[in-house]
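Open the structure in your viewer and get ready to pick out some charged side chains. We'll hop from one pair to the next.

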Amino acid sequence: MLHIGSALPETVEFFSRYRCKLHFIDLFGDLPDLLAGDDATISLQQRWGDLLHIPAGTRFDLCLFWDLFNFLGREAIAALLQVLRPHLHNDSLGHCFAVHNLKTPQSGKLYGIKELDQISVRPRPASLPGYSPYNQGQLEKVLDCFRVTRSVLLAESRLELLLNANLRH
């Protein structure tokens, strides 16, 4: 399981009930450096690889992206997915948040799993730079190795998207 964000205690407790390996990678603090790209000799894909440190042979059944995509440009998302693709399989699932209306303000939340049917939400210590959200249609075009299988409209014009791996192309 890949969890992009802080390792909240309730998420660790939830997944400790199952026989699985957890990969918590809190990229949000690294986003400004990643997106600045000061070193032109290092590609976005190389930067993602350095940040993620995914061991060879690792395959993820579940990827919790939360609101990460709302802070990345199309090129950064494409590079991230290139790094993740070898670690996905045809039954890999994903989860992320998008917006219904592109003018929706940043949520400022940290997310985790409390129960099978309950997400943990708490305030982020500070707003993050680089917020430029995607709606469902835009994300579907960018997420080339995932397809949206379900979307739910949430409060404040936000969308919750469930994803399935789409590795056939």
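How many salt bridges does a search of the whole structure find? The search turns up five, where a salt bridge is a side-chain nitrogen of Lys or Arg within 4 Å of a carboxyl oxygen of Asp or Glu. Before you click: this is a predicted model, where local features need pLDDT of at least 70, side-chain atom pairs count only at pLDDT 80 or more, and totals for chains, interfaces and linings use all residues. Residues are numbered from 1 along each chain as its sequence is written, and side-chain values use heavy atoms, with hydrogens and water left out.

**First stop.** Select E10 and R122: they form a salt bridge, with the closest N and O atoms 2.8 Å apart. E10 sits in helix α1 (residues 9-15) and R122 in strand β6 (residues 118-123), so the pair ties together parts 112 residues apart in sequence. Helices (H or I, at least four residues) and strands (E, at least two) are DSSP runs, numbered from the N terminus. E10 is buried at 16% relative accessibility, while R122 is partly exposed at 33%. Buried means under 20% relative accessible area, exposed over 50%, and partly exposed in between (1.4 Å probe, protein chains only).

**Next stop.** Now pick D67 and R124, another salt bridge, whose closest N and O atoms are 3.0 Å apart. D67 is in the loop between β3 (60-66) and α4 (74-84), R124 in the loop between β6 and α5 (136-142), 57 residues apart. D67 is buried at 5%, and R124 is buried at 10%.

**Last stop.** Select E156 and R158, a salt bridge with its closest N and O atoms 3.7 Å apart. Buried or exposed? E156 is exposed at 62%, but R158 is buried at 12%.
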